Amino acid sequence: EQPIYSTRAHVFQIDPNTKKNWVPTSKHAVTVSYFYDSTRNVYRIISLDGSKAIINSTITPNMTFTKTSQKFGQWADSRANTVYGLGFSSEHHLSKFAEKFQEFKEAARLAKEKSQEKMELTSTPSQESAGGDIQSPLTPESINGTDDERATPEVTQNSEPRAEPTQNALPFTHSSTISKHWEAELATLKGNNAKLTAALLESTANVKQWKQQLAAYQEEAERLHKRVTELECVSSQANAVHTHKTELNQTIQELESTLKKKEEEIEGLKQEIENARELQAQRDSLTQKLQEVEIRNKDLEGQLSDLEQRLEKSQNEQEAFRNNLKTLLEILDGKIFELTELRDNLAKLIECS
């Protein structure tokens with residue numbers, strides 16, 4: 001067995017008691033791989049947690065992988081009597097695993113059908129003759145023989161097993177039914193043999209007629225060959241003309257090839273011109289926008305200069321106002337000092353009086 005696709009996922013199994021809850025079989029994400037057994041022609045899903053196999057599921061045509069969420073999928077394995085679940089790290093990994101499951105499921109179905117067809121052709125039950133001997137198998141001689149000959153298929157003892165245990169060969173007790181089926185097949189083959197014999201006779205007659213026609217064609221060809229030889233002798237310039245014609249044809253082909261290349265170059269130049277026009281239109285549009293932005297910038301610079309002048313004027317006015325306030329405060333302080341001295345003098349006069 002060889003791994004053909006691998007991914008990583010968290011592995012779960014359905015609880016055998018409740019059949020509803022999921023039981024994790026791995027503590028962390030493990031590798032889940034598809035394997036192909038070329039000897040048995042089967043596909044399996046295998047996952048190991050250390051040395052323990054937590055998934056060992058053989059893919060059969062009746063299995064279905066179901067996406068239950070964006071990152072979780074499950075499938076039922078009737079042979080293991082359980083349901084496996086896988087939790088992926090992303091929706092992409094889930095979709096990829098589902099695609100591979102469908103692909104290998106289809107391959108398993110085709111392998112099963114081929115195995116069944118092979119078993120139907122090689123593993124047919126035996127039919128005993130009247131004296132107890134086994135009759136000879138179907139051969140080309142028995143098929144092409146007379147109507148009095150009979151043949152039955154021989155017993156294939158070392159036949160390959162079926163893909164499913166329920167699809168084994170029919171038991172020996174049903175051999176008479178199978179023998180009748182093969183006798184009917186043999187009668188059909190003999191009828192086809194008679195038709196082929198008639199067709200062979202007709203083909204033989206046609207071959208004789210074709211031989212006569214071939215002889216007549218050969219005589220005509222010899223006559224034409226002689227005629228051509230005579231014409232070549234009469235016209236010694238035929239070869240030169242033919243050679244010149246060949247050279248002209250080659251020259252014409254070369255010119256056509258050159259013309260085709262030139263046309264391709266012209267188409268390329270046209271495309272470049274169209275691209276250049278588009279670029280020019282874009283450049284013009286950007287230039288116009290740039291001019292508009294420059295005009296707008298000039299307006300904003302004028303407004304900014306005006307605002308700066310107003311700000312400077314306002315600052316000057318504030319400075320003058322502060323100076324006036326300082327002057328008033330100094331005068332006020334002087335007046336307050338004089339009033340204080342006056343009060344003290346009045347108080348002294350009152351005390352003296």
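Q: Is Arg109 buried, partly exposed or exposed, and at what relative accessibility?

A: Arg109 counts as partly exposed, because its relative accessibility is 30%, where buried means under 20% relative accessible area, exposed over 50% and partly exposed in between, with a 1.4 Å probe and protein chains only. The model is predicted, so that local features need pLDDT of at least 70 and side-chain atom pairs count only at pLDDT 80 or more, while totals for chains, interfaces and linings use all residues. Residues are numbered from 1 along each chain as its sequence is written, and side-chain values use heavy atoms, with hydrogens and water left out.

Arg109 forms a salt bridge with Glu113, at 2.5 Å from N to O; the term denotes a side-chain nitrogen of Lys or Arg within 4 Å of a carboxyl oxygen of Asp or Glu. Both residues belong to helix 1 (residues 91–122) and are four residues apart, about one turn of the helix; helices (H or I, at least four residues) are DSSP runs numbered from the N terminus. Glu113 is likewise partly exposed, at 34%.

A search of the whole structure finds ten salt bridges. One of them pairs Glu265 with Lys262, at 3.9 Å from N to O. These two lie three residues apart in helix 4 (residues 238–352), which means that about one helical turn separates them. Glu265 is partly exposed at 47% relative accessibility, and Lys262 is partly exposed at 45%.

Another joins Asp284 to Arg283, with the closest N and O atoms 3.8 Å apart. Asp284 is partly exposed at 39%, as is Arg283 at 46%. Salt bridges with shared partners also link Glu106, Arg109 and Glu113 into one network.
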